[in-house]
Amino acid sequence: MAGSSSVYPLPKLSNSYFPAIPPKAPPPAVSYSQAVNEAPYTALSGVIVDGRIPDRHPVEPRCRVRNQVGQTNRWRLPESLYSDLLGSSQAVKAITMPYNRSMINIITAESPKLSTNLDLSKPYTFRVSNDRPQTQPNLMPSQASKGSKLLTHDFMSSSVSPTLPASAPSRPRSITSSLRPLRTFTPKNARPVTPKDVFLYHSKKNMSFVGPDVILECLGLSWELHRPFLQKSGTLATLLLSALDPTSQKYYRSSASETLDNYIKKSEFYSNEYRDISQRLSVVGDAPGEKRGVGHPAHTSQQRTGTVATITLDIDDALVTKRAVAVALGNLYHDELEVDVNDVAGVLVVATILDFKSLVDGCCDIMLKSISSKTACTYHHTASHYHQDHVVVACERWLELNLIPKLACQIQLREMSADLLQRILKSNRLFVYNEYSVYKTLVYWLFLQVNPDIQLMPSHSSVLAFFNSLSKNTALLERDESLMYAPLFAAVRLHGITDTGNIQDMQIMNILPQRWLVDLLSQHYHALQGGGDMSAQKNFNMSAVRQGFVVDDEPHYHSEILSLHGFHFELKAVRQSTSGTYVFYMQRLRPGDPVLSFRQCERHTFSMRQDREVRYCITVQYSHRGENHLTTTGLLTHKFGLGEKTSKSEVIKMEGLRKPIYVTYAIMFPAS
């Protein structure tokens, strides 16, 4: 009919296109794969039936028969296993295992030619290119007609028809033209995210189309806000009450936004979300008295008038960034907290300054759940400065457990303040491998303080060479510029360092004053001559020698050797059930005990004293659901002898422990 648009149906094809049947692979082409697959069955059948020697696949140029390269590969050879229990186990395991990816590709390929080489005279070659034809599904007639109407002339002129298989019959021109794909554009380099982008992401759901009514000047940027959402912040609400009278300001639709809106309205391929975003990001302000150039949107767009109040907020904190301000202000616009772990410290500072209580509580919850080597020091500094005591305590508890096992080998060790480090070193909760590990951690921290430009954690040899290169006239702690570090090294229990190699490293580094090392060696000498008595040590909590280990994975038990002044003890932790029940005890070892190494039995000093009074304490710590748990035996005293009944301490049983478990043994030999 005249004046009406009609949609004509597409002509039906006289014949349908079906892909050609792929050629069948000859048996020799897949014989090796079948032989490999049947190898474990053949090997096991030889064991079960008559012990015969089965036939092996012949060696050909295309079939690379794998030789035996290890004990775990015996199942690949179809030879009789006889009484080989390990080979039988591997063969059974191979039968129960699913097909690997190579076998799946060969068995389920559309064409064997894609996965195997049909030319038996050539060696096997792997596929290195994608030789499958590019195909696209056919559209239904109604979909093709609708798609042809929606495509603009710009897309129709620039698109390229899809590639069809060579064996496919030719199609009518109308069908081919209706299958033209949409043109896509991918930028070569994405623009970095700006603080304004972060703020718009958070506030886009509630941003008014007419524009903002509050302008916040902070960190050199103008943040466009809205009065209803500022009541969550006590600081912004107070600033708004004391602000000057709002001024009139006009807003226009920017030309770029209008062009985008017109394009989206004509297309059916975009959801309503794009229309909402284009409307929200299309406001351009016009201050009173501003000159309008030729490109000003007032010449082509409809204007709106609104009143705007301007407030100013000054923030002077190194942790505060423009991104942190953007995240904090953006969270004013929604109830659900959205803060990334990388930004939470700065956002907490901004939230505290803004008096945004719900955001402060949310940031603290995130910090409590994300304490790690990378964040512990930053969280502690921020929480201490802004009086979040529960976060401070959680960070200190984490550092007491993980300062030496985790943080000591990370570059973030440099972020730890001297006061915090000294407080952690003096804590009775501190987990240590041994006393030298405490000294080593402190030396690494000092190296990072002296060399602040280091970006990677140095090796022990590098640290040793650095301190050895310093002047030998005086020790490092005796110099005026290093006197501040003396209290830190005074917190180390140097009398617990007994290994001669460790003491030699301490002498080479020349950090400690000479009188400290002389006193250390003197205490060792007197203890050896006095039957192990540590007469110079009186306070157990400050002087006991500590050694510990972490129970994380299997086996069910863990043991270590503690050697001190001629006495050797085995420290044990044994798991009794899967519910977290462990027993802990220590046992005195005799000379030549099988637990000791040959070097220990041959070179180390052994005291033949029949009984040795020992004061000891076993401390077990673990963390579960963000809470640290500590269980200790308290101070115990036991006389260890060389007999079976007197060589073992009291067995301590603890239940409900969760891995990883941090176990610390502290012992001291009182004067006898």
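**Notes on a predicted model**

1. **E570 and its contacts.** Setting aside residues up to four places away in sequence, E570 touches S559, E560, I561, Y585, M586, Q587, L589 and V595. Keep in mind that this is a predicted model. E570 sits in strand β8, which covers residues 567-577. Is E570 buried or exposed? Its relative accessible area is 6%, so E570 is buried. The cut-off for buried is under 20%.

2. **The chain as a whole.** The protein chain has 672 residues, and 39% of them count as buried. Its secondary structure comes to 24 helices and 14 strands. Take the contacts between residues at least 6 apart in sequence: 68% of these join residues at least 24 apart. The accessible surface of the chain is about 39200 Å². Carbon and sulfur atoms account for 53% of that surface.

3. **V583 in strand β9.** Strand β9 runs over residues 581-588, and V583 lies in it. V583 counts as buried because its relative accessibility is 7%. Which residues does V583 touch, not counting those up to four places away in sequence? They are K572, A573, V574, Q576, V651, I652 and K653. Look at A573 in that list. Along the chain, A573 and V583 are 10 residues apart, and their C-alpha atoms are separated by 5.8 Å.

4. **Helices α14 and α16.** First, a word on how to read helix pairs. Two packed helices are described by the angle between their axes and the distance between the axes. Helix α14 spans residues 357-369, and helix α16 spans residues 389-402. They pack at an angle of about 5°, and their axes are 10 Å apart. The two helices are therefore roughly parallel to each other. The cut-off for that label is an angle under 35 degrees. From α14, the residues C364, M367 and L368 take part; from α16, they meet H390, V391 and A394. By class, this contact has 5 nonpolar residues, 1 polar residue and no charged residues.

5. The loop between α14 and α15 holds S373. At 12% relative accessibility, S373 counts as buried. Leave aside neighbours within four places in sequence, and S373 is in contact with W398, K406, L407, Q410 and Q412. S373 and L407 are 34 residues apart along the chain. Their C-alpha atoms are separated by 5.3 Å.

6. **The buried face of α17.** Helix α17 covers residues 418-425. Which of its residues are buried? They are L420, L421, I424 and L425. Seen down the axis of α17, these buried residues fall within an arc of 130°, so they line one face of the helix. The cover over them includes α15 (376-385), α16, α18 (435-450) and α20 (486-490).

7. **Helices α17 and α18.** The axes of α17 and α18 cross at roughly 180° and come within 12 Å. That makes α17 roughly antiparallel to α18. The cut-off for that label is an angle over 145 degrees. At the contact, A418, L421 and L425 in α17 meet V438, L442 and W445 in α18. What classes do the residues of this contact fall into? There are 6 nonpolar, no polar and no charged residues. L421 and L425 also belong to the buried residues of α17.

8. **Backbone points to check.** Most residues other than glycine have a negative phi, and most peptide bonds are trans.
   - L219 is not a glycine, yet it has a positive phi of about 55°. It lies in the loop between β1 (214-218) and β2 (221-225). With 28% relative accessibility, L219 counts as partly exposed.
   - N510 has a positive phi of about 55° too, although it is not a glycine. Its loop runs between α21 (500-509) and α22 (514-529). N510 is buried, with a relative accessible area of 16%.
   - The peptide bond from K659 to P660 is cis, with omega near -5°. P660 is found in the loop between β13 (652-654) and β14 (661-668).

Terms used. Residues numbered from 1 in each chain as written. Predicted model: local features only at pLDDT ≥ 70, side-chain atom pairs only at ≥ 80, totals over all residues. Heavy atoms only, no water. Axes fitted to C-alpha atoms, helices over the stretch in contact; angles between N-to-C directions. Helix = DSSP H or I, 4+ residues; strand = E, 2+ residues; numbered from the N terminus. Parallel < 35°, antiparallel > 145°, perpendicular 65-115°, else oblique. Contact = heavy atoms within 4.5 Å. Nonpolar A, V, L, I, M, F, W, Y, C, P; charged D, E, K, R; others polar. Buried < 20%, exposed > 50% of the residue type's maximum accessible area, 1.4 Å probe, protein only. Areas by Shrake-Rupley, 256 points an atom, 1.4 Å probe, with all protein chains shown as cover. Arc of directions from axis to C-beta.
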